[in-house]
There are 2 protein chains.
Amino acid sequence: MSEPGASPTHDDRAANTATRLHSAAIHLLRRLRREDDASGLSAPRLSALSVIVFGGPLSLGALAAAEQVRPPTMTRLVAALEAAGLVTREADPGDGRAILIRATSAGQRLLQEGRDRRTAVLARQLAALPPDDLATLERAAELLAGLGTTTSPGPSPTRGGVTCQQRSS
Amino acid sequence: MSEPGASPTHDDRAANTATRLHSAAIHLLRRLRREDDASGLSAPRLSALSVIVFGGPLSLGALAAAEQVRPPTMTRLVAALEAAGLVTREADPGDGRAILIRATSAGQRLLQEGRDRRTAVLARQLAALPPDDLATLERAAELLAGLGTTTSPGPSPTRGGVTCQQRSS
DNA sequence: CCATTTAGTTAGCTTTGCTAACGAATAGGA
DNA sequence: TCCTATTCGTTAGCAAAGCTAACTAAATGG
């Protein structure tokens with residue numbers, strides 16, 4: 001990038017870091033996916049359930065938007081969660097077209113257990129790091145979460161009615 | 001976690017950070033996937049091509065291991081890359097069972113362009129960060145890449161013949 | 001009151017992951 | 001030397017997750 005030997009510019013470092021974060025994200029998720037079997041819930045389902053649990057009852061469209069997925073995809077995910085007894089689908093009293101998706105107590109319970117199991121491997125690896133490295137990753141997670149939400153200038157209000165940032169898993 | 005109000009333990013912070021990194025990785029990749037169409041190459045193909053380009057000619061098994069994927073999955077990915085003229089498959093002169101996968105010049109070119117495009121969005125966001133935040137993420141990417149390779153105790157030898165750590169994108 | 005828009009679903013396709021089962025080639029022991 | 005492991009890659013077949021296109025039902029609005 002730019003002159004070899006010259007100290008890299010800010011933009012060069014950004015591009016390089018973007019590539020490496022991209023790679024890291026791919027491999028991190030591939031590793032964590034191995035733990036899915038234990039909970040019986042795949043990553044997309046677990047992620048959607050997480051939004052439902054923490055984001056309160058919400059519509060399918062809002063859920064799809066929060067998960068950055070098209071409505072038909074979310075329809076299928078919700079159907080699977082409903083079939084598993086983890087969420088319910090009720091008519092929205094204020095809008096006959098919309099539905100309200102709500103987590104059951106079983107869903108809340110399973111989320112906790114499943115997510116814990118899923119991240120346990122990573123947590124164990126992180127716990128083995130020296131404290132300052134862990135702090136670096138803590139801050140990195142914050143920064144990465146912030147990247148997605150700062151697309152619009154200004155303080156940006158509620159961002160779709162979902163509590164946001166709550167969503168983990 | 002642990003006592004509310006008490007300062008969190010190292011393990012608590014590790015668990016918390018694991019959850020947030022997990023979430024960040026999911027959403028980061030979902031955002032970047034949107035850029036796939038431009039290069040015509042999906043994330044798994046781009047990632048595999050990257051290993052081939054930077055990891056030199058290597059066997060299918062080594063490639064599958066590097067990508068943390070089963071051999072049949074890699075067979076299909078390589079077939080797609082070969083059909084697109086991005087890699088070649090030649091017989092290994094030293095082992096009649098194995099094959100050597102090598103990137104074509106078209107593959108090298110496309111990797112560069114495709115990966116740049118794919119990470120451009122992220123790179124732009126990163127470039128907008130203050131230098132010390134960018135440094136934090138640089139270090140985080142290093143740490144995350146290191147997590148996957150330190151599973152076995154001891155210095156761990158060649159790990160499958162791949163240069164390792166070379167793999168970017 | 002009818003036209004337009006919006007919310008969700010259904011249908012159908014592609015890609016990616018897996019396991020199981022197989023053929024071919026290598027390695028090692030009797 | 002020959003016969004059995006083992007290993008490498010492929011094929012076949014399945015499930016999950018993503019998409020677009022097309023549809024129904026409900027709400028909006030002129």
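How many helices and strands does the secondary structure of chain A come to?

Guide: The model shown here is predicted. The secondary structure of chain A comes to seven helices and two strands. Read from the N terminus, these elements follow the order α-α-α-α-α-β-β-α-α. Chain A has 169 residues, and buried residues make up 35% of them. Among its contacts between residues at least 6 apart in sequence, 54% join residues at least 24 apart.

Within chain A, one helix pair deserves attention. Helix α3 (residues 43-54) of chain A packs against helix α5 (residues 71-83) of chain A at an angle of about 80 degrees, and their axes are 10 Å apart. At that angle, α3(A) is roughly perpendicular to α5(A). On the side of α3(A), the residues that meet the other helix are A:Pro44, A:Arg45, A:Ala48 and A:Leu49; on the side of α5(A), they are A:Leu77, A:Ala80 and A:Leu81. Six residues of this contact are nonpolar, none is polar and one is charged.

Chain B contains a corresponding pair. There, α3(B) and α5(B) pack at an angle of about 80 degrees, with 10 Å between their axes, which makes α3(B) roughly perpendicular to α5(B). The contact joins B:Pro44, B:Arg45, B:Ala48 and B:Leu49 of α3(B) to B:Leu77, B:Ala80 and B:Leu81 of α5(B). By class, the contact of α3(B) with α5(B) has six nonpolar residues, no polar residues and one charged residue.

A:Gln68 is placed in the loop between α4 and α5 of chain A. Its phi is near 55 degrees, a positive value in a residue other than glycine. Most residues other than glycine have a negative phi. A:Gln68 has 15 other C-beta atoms within 10 Å and is partly exposed. In chain B, the loop between α4 and α5 holds B:Gln68, whose phi is likewise positive, near 55 degrees. B:Gln68 counts as partly exposed, with 15 C-beta neighbours inside 10 Å.

We may now turn to the meeting of the two chains. In all, 48 residues of chain B are in contact with 48 residues of chain A. On the side of chain B that touches chain A, at least two residues are supplied by each of α1 (10-33), α3 (43-54), α6 (105-127) and α7 (131-147) of chain B. The largest share of that side, 21 residues, comes from α1(B). Its residues divide by class into 24 nonpolar, 14 polar and ten charged.

The largest nonpolar core draws on both chains. This core has 34 residues, and those with the most contacts inside it are A:Leu21 and B:Leu21. At least two of its residues come from each of α1 (10-33), α6 (105-127) and α7 (131-149) of chain A, and from each of α1, α6 and α7 of chain B. Residues up to four places away in sequence aside, B:Leu21 touches A:Leu28, A:Leu122, A:Leu137 and A:Ala141. There is also a second, separate core of 22 residues, which includes B:Val51, B:Met74, B:Val78 and B:Leu86.

Finally, both chains approach the DNA. Around DNA strand D there are 21 residues, of which A:Ser42, A:Arg70, A:Gly96, B:Gly61 and B:Pro72 come nearest. Two or more residues of the surface near DNA strand D are given by each of α3, α5 and β2 (95-103) of chain A and by each of α4 (60-66) and α5 (71-83) of chain B. The largest share of this surface, four residues, comes from α5(A). By class, the surface near DNA strand D has ten nonpolar, six polar and five charged residues.

DNA strand C has 21 residues around it, and A:Ser59, A:Gly61, A:Pro72, B:Ser42 and B:Gly96 come nearest. The surface near DNA strand C comprises ten nonpolar, six polar and five charged residues.

Note on methods:
Residues are numbered from 1 along each chain as its sequence is written. Chains are lettered from A and ligands numbered from 1 in the order in which they are written. This is a predicted model: local features need pLDDT of at least 70, side-chain atom pairs count only at pLDDT 80 or more; totals for chains, interfaces and linings use all residues. Two residues are in contact if their C-beta atoms, placed from the backbone, lie within 7 Å. Ala, Val, Leu, Ile, Met, Phe, Trp, Tyr, Cys and Pro count as nonpolar, Asp, Glu, Lys and Arg as charged, and the others, Gly among them, as polar. Axes are lines fitted to C-alpha atoms, for helices over the stretch in contact, and angles run from 0 to 180 degrees between N-to-C directions. Angles under 35 degrees count as roughly parallel, over 145 as roughly antiparallel, 65 to 115 as roughly perpendicular and the rest as oblique. A residue is near a molecule or strand if its C-beta atom, placed from the backbone, lies within 6 Å of it. A nonpolar core is a set of buried Ala, Val, Leu, Ile, Met, Phe, Trp, Tyr and Cys residues joined through C-beta atoms within 7 Å. A residue is buried if 20 or more other C-beta atoms lie within 10 Å of its own, exposed if 12 or fewer, and partly exposed in between; C-beta atoms are placed from the backbone.
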